[in-house]
Each structure stands twice: as structure tokens, then as C-alpha cells.
Amino acid sequence: MKEREQLKRTLKPQWVWAIAFGSAIGWGSFVQPAIWMGQGGPLGVIIGFLIGALIMLVIGVSYGFLIKELPVSGGDVAFVYAKFGRTHAFICGWALALAYICIVALNASALALLAKFLMPGLVEWGYLYSIAGWDVYFGQILVASIALIVFAYMNVRGTTLTGRTQYVFCILLLVGVALLFLGMIFNSDTSFSNLQPGFKPGISPWSSVIAIVAIAPWAYVGFASIPQVAEEFDFPPKKAFSLILFALIFAALEYSVMIMVTALPMPWQELAATNDIWGTGTVVAGTLGNAGMLILAVSLCMGVFTGLNGFYLAASRVLVAMGRAQFLPKVFAKLHSKNNTPYFGIIIACLLCLIAPWFGRSVLSWVVNMSSTGIAIVFFYCCLVAYKSFKWSSQGNQSIKKTAPVKKFMSLLGSLFGLGILALLLVPGSPGFLSMPSLVALVIWVLIGTVFYFIRKPVFQKIPRKEMDYMILGKVNDAKEEQETAL
């Protein structure tokens, strides 16, 4: 049996919390509030995010159990493989790797958007072309590319550097958001009346809320970074659920606070109607001046940095698991001789992301919206794995260790939530139904994945079950036989 390279246990609890929280925030809460309010109104958005956090917490119950059972890199791939076999594990890995890499690219493009707002002359040079209504400049591509390369290098350098810097970035982000909120609350030009009406006129409050709940997998997906790095915990894996809980609480509060920061200075309907490229930036600059804009810019940078850092980390660990299983070439599982990091996966993720800025932010947004579908599928899978693992009651000689009817119910509920979110994205007429460009991107993604699956299938199907168990799970599965479904 081939030797399995092991990642070092260097991640401290506060670093793991920061990876989850920072990845969940990213750039979205600083750039998107005006757009979200246009879809559901400020109260609809806040309620939608709070409900979304509760849904993610239900799913987090399953993750907490699975991480404790299988603390290995690319956790989701391992979880699904353990219960459903190779084909389903491939689907899970393909969905996650693409989603994470797309979000890395979109976070990098947010830096170019920030520069465009603050210092247009810095990035709006070298006009190349327009695509999907977005003007592409070489200056913007350069800013995004530099960010992608710098954070790829940091991730190659070592997990300790990644975890420590992520924690510092998160603390700075939280301080910045708190200062912005206090500045708005105590400013004489702001009013809570600007949050009225709470929901978008013309549609039911329920539709306003559901439209936001539909994006919960994208908004909170950062918490799912925790199982990807479980192999590197320097603490007992049973602590994972509490880290998921605190990451979701902080993320929900941060999203809600930034909605209020954006809505307090002026009637939100007027702001949404302007279709401003960056509504939050406009109202902060107009209300809090240069000082407020500096705090917002620093906070946004921290959000972007945490997204780049966290999703590089998560994506590369999923690629490690897929390399170990030989769903991808085994070089993806190879670790750096000095830094003990999956350098090849990080470099490949960086190269793929460097292509994205050339297509413009609009096209990239279509792909990221499409990737929410894959995330919902993975959530469904993992909750179903937990459901199959728990028992309603002890029977005969069964161990009572996994007899947990409440957790079994929660995992069942989580899998239903995953299906519900999938329906919101794919059923025509639902509030969260994907746009046509996103649907086209989804079809392309599925076709590419199908082709790649059949190319790799002859390779990974030849691997003996015990060897596959060892490479993915770090141990031989106790199951009597491997449960696999061939496509």
C-alpha cells in the first residue's frame, strides 16, 4: 500500500474560526447591500440572512459529527466517499473545488472594484473590450492578478502563516464594521426611518425573505471550510461544531450590521434605484466623509483578504483529497518538501483564477451564482451521510454511541434544507431562480465534469478498496463492502 503524505497539525482554534468566519464574509457584505435591499428590502434581507444562518447551523450539526469521525483533508469528499462510494465523492469534490476557486477569483475582482471607486485612474487604463456590459481594463486585471499571486504564495509558504494572518484580518474587519455602525448611529444625518418600508413593495414579505435565503449557501459557505482543514487541527476535532456555531453567529451579525450601515443614511429605495456601482461606498463617503471611507476601504480589504486566504486553503485541501483518490492526477496530493503544503493544488487554483479577470466581473458573477447549486448539493450529501450514521434508537447488540434521535432528525432536516435550497435555485418561478447566463454556466460545468469523470474513472476504479479507504480516510473503512453507484 502506498504511503499517504500527512499534513501537519498547526491550526489553532481561533485560526480555524477566522478561516470559517472570514471566508463567510468575503467581499459580499461590503459591496452587495444596496443590491440585496433592492431584491427584498432591508428587513427582508436581515431576516433572510438570519434564517439562512439557522439553516446553516442545522447543517453544521451534521458537519460537527462528521469532522469528529473523519478529521481529514477535503472533509466533504471523505464523508461522501465513506457512505456512498467513489462516484458520489467525485461529484462532491468537483462541485466544491469549482465553487471555492470561483469565489477566490471573485474576491480578487472586488479589489479592482474598490480601486475603481476610490482611484479610477489607477485601474481604468488599458481598455481592452466590453463583455456582458462590463468594461475590461488591463489595470483591473493587473490588480486582481497581483492579489491572486500574493495570496497563493502565502498559502504555499505554510498553514501557520495562513492561519495567523487570517485571524489578524478578521479582528481588523470586526473593528472596522463596529466603527462604521457607531458612526452611522450617532450621526445627525442618519435615521432609522430610512429603513422603511422593511420589505420590497410589490411582492410579499415572504418572497422578499426567500429571495435572500436562496443565496445563503453562497453567503455562508465559508463555514464549510472547517471540514476541509480538519486534518491540520492542533486541537480535538470535537471542538469543530462550536467553531462553526461562532463563525455563523458572527457572520450573521456582520451581514445585518452592514445592511443597516448602508440603509441608515438615505431612503433605501432611492439608493437601490440609482443602480450605483457601490451603494455602500457612496453613502459612507457622503455621510462619514474621508475617515469613514478609509475605514470602509480597510474593512473591505480585510474581507477580500480573508476570502482569498480562506478559500485558497479550502480549495487546495479539496484538491488534496481528490488527488489522494486519483479523481485528479496524484500530483495534487503531493506536499511541499519544506512547507508541508499542497503547493501544486494552490498553484493550479491560482492559474485558473488568473483567467477569470479577463472575462469581466459580470461573467464571473454568473459562474459564482451557478456554483451555489454545487454547494447546495454538497450540503445535501453530507447531511444525508450524517443521517445514515445516526440511529433513532439502540437495537439488539448495536452500540449506543451513535444513538442520537435529535441529531438524526437534525441531519434529516439539513438534507431537506439542502434540497429546498436547490429547488429555490433551479425551479422556474421561485424567488431565487438562477438567471439564464448562470443556468448556461451550470450546464457547461456539468458537461465538463461528466467528461472529466469518464476520463478519470478507469484510473480510480482500479484502486483496491482498502487502499482507497486509506488514501481518503486515513484508515480502512469498517463497512463490510463499499457502497458505490456507477453513473
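**Close-up views of a predicted model**

**Figure 1. A nonpolar patch on the surface of the predicted model.** The patch is formed by W125, Y127, L128, Y129, F138, L142, I146, V150, L352, I355, W358 and F359, which together have about 1100 Å² of accessible area. Three elements each supply at least two of its residues: strand 1 (127-131), helix 7 (138-157) and helix 15 (343-355). Helix 7 gives the largest share, with 4 residues.

**Figure 2. L142 and F359, two members of the nonpolar patch.** L142 is found in helix 7 and is partly exposed, at 37% relative accessibility. F359 is placed in the loop between helix 15 and helix 16 (360-389); with a relative accessible area of 41%, F359 is also partly exposed. The C-alpha atoms of F359 and D135 are 9.7 Å apart in space, although 224 residues separate F359 and D135 in sequence.

**Figure 3. The salt bridge between D234 and K12.** The structure holds 4 salt bridges, and in this one the side chains of D234 and K12 meet at 3.8 Å, N to O. D234 lies in the loop between helix 11 (225-228) and helix 12 (240-263), while K12 belongs to the segment before helix 1 (13-25), so the pair ties together parts of the chain 222 residues apart in sequence. D234 counts as partly exposed, at 37% relative accessibility, and K12 counts as partly exposed at 35%.

**Figure 4. The salt bridge between R317 and E232.** The closest N and O atoms of R317 and E232 are 2.8 Å apart. This pair links distant parts of the chain, with R317 in helix 14 (residues 279-324) and E232 in the loop between helix 11 and helix 12, 85 residues apart. Both R317 and E232 are buried.

**Figure 5. The salt bridge between D469 and R465 within helix 19.** The side chains of D469 and R465 meet at 3.1 Å, N to O. Both residues lie in helix 19 (residues 465-473), 4 residues apart, which is about one turn of the helix. D469 is buried, with a relative accessible area of 1%, whereas R465 is partly exposed at 23% relative accessibility.

**Figure 6. Cysteines C92 and C170.** A search of the whole structure finds 0 disulfides. C92 is buried, with a relative accessible area of 0%, and C170 is buried with a relative accessible area of 0%.

**Figure 7. The protein chain as context for the close-up views.** The chain contains 19 helices and 2 strands. For 487 residues, a compact globule would have a radius of gyration near 23 Å, and the 22 Å of this chain agrees with that value. Along its principal axes, the C-alpha trace spans about 70 × 50 × 40 Å. Of the 487 residues, 57% count as buried. Among contacts between residues at least 6 apart in sequence, 80% join residues at least 24 apart. The chain exposes about 19000 Å², of which carbon and sulfur atoms supply 68%.

Technical notes: Residues numbered from 1 in each chain as written. Heavy atoms only, no water. Disulfide = S-S within 2.5 Å. Buried < 20%, exposed > 50% of the residue type's maximum accessible area, 1.4 Å probe, protein only. Patch = residues over 30% accessible without salt bridge, like charges linked within 9 Å, V, L, I, M, F, W, Y side chains within 5 Å. Areas by Shrake-Rupley, 256 points an atom, 1.4 Å probe, with all protein chains shown as cover. Rg over C-alpha atoms; globule rule 2.2 N^0.38 Å. Contact = heavy atoms within 4.5 Å.
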